[in-house]
Amino acid sequence: MAFTITPLAGIDLYNTAQVNPNSAGTNVPTFGPTGAEVFGSDGFRYVFAQAGAAI
């Protein structure tokens with residue numbers, strides 16, 4: 001199980017991100033921005049992105 005080695009707190013590499021609706025009714029992720037990158041202890045780079053279909 002990999003963990004982030006980038007100095008950012010609260011990053012979960014194994015679960016989907018939760019969203020909260022804003023005043024316009026658009027779902028906004030609780031972590032962001034989209035495109036944020038972290039490096040994992042397994043040597044891979046993880047990028048926060050929006051899925052094109054249900055996970």
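A strand here is a DSSP run of E with at least two residues, and strands are numbered from the N terminus. With that in hand, let's tour this predicted model in a few close-ups.

Figure 1. Start with the overall picture: the protein chain has 4 strands and 0 helices. Following the sequence from one end to the other gives the pattern β-β-β-β. The C-alpha trace spans about 40 × 25 × 15 Å along its principal axes. How many of the residues are buried? Of the 55 residues in the protein chain, 15% count as buried.

**Figure 2. I5, in the segment before β1.** Find I5 in the segment that comes before β1 (19-21). Is I5 buried or exposed? I5 counts as exposed because its relative accessibility is 54%, and the cut-off for exposed is over 50%. Now look for Q50, which is 45 residues away from I5 along the chain. The C-alpha atoms of I5 and Q50 are separated by 22 Å.

**Figure 3. A nonpolar patch on the surface.** F3, I5 and F39 make a nonpolar surface patch of about 340 Å². I5, as the previous view showed, is exposed, while F39 belongs to β3 (37-39).

**Figure 4. A salt bridge between R45 and E37.** Here is a pair of side chains to zoom in on. Side chains of opposite charge can pair when their charged atoms come close. In this view, the side chains of R45 and E37 meet in a salt bridge, with 3.5 Å from N to O. A search of the whole structure finds 1 salt bridge. How accessible are the two partners? R45 is exposed, with a relative accessible area of 51%, whereas E37 counts as partly exposed at 41%.

**Figure 5. The largest pocket and its lining.** Our last stop is an open space in the model. Rolling a probe the size of a water molecule over the atoms shows where empty space is left. The largest pocket has a volume of about 800 Å³. Which residues lie nearest its centre? They are N15, T16, A17, F48 and A49, out of 28 residues that line the pocket. Strands take part too: β2 (27-29), β3 (37-39) and β4 (45-47) each supply at least two residues of the lining. Sorted by kind, the lining has 17 nonpolar, 9 polar and 2 charged residues.

Definitions and conventions
Residues numbered from 1 in each chain as written. Predicted model: local features only at pLDDT ≥ 70, side-chain atom pairs only at ≥ 80, totals over all residues. Heavy atoms only, no water. Patch = residues over 30% accessible without salt bridge, like charges linked within 9 Å, V, L, I, M, F, W, Y side chains within 5 Å. Areas by Shrake-Rupley, 256 points an atom, 1.4 Å probe, with all protein chains shown as cover. Salt bridge = Lys/Arg side-chain N within 4 Å of Asp/Glu carboxyl O. Buried < 20%, exposed > 50% of the residue type's maximum accessible area, 1.4 Å probe, protein only. 1 Å grid on protein atoms, 1.4 Å probe; cavity = no way out; pocket = protein on both sides within 12 Å on 5 of 7 lines; lining within 4 Å. Points joined across faces, edges and corners; volume = space filled by probe spheres on them. Nonpolar A, V, L, I, M, F, W, Y, C, P; charged D, E, K, R; others polar.
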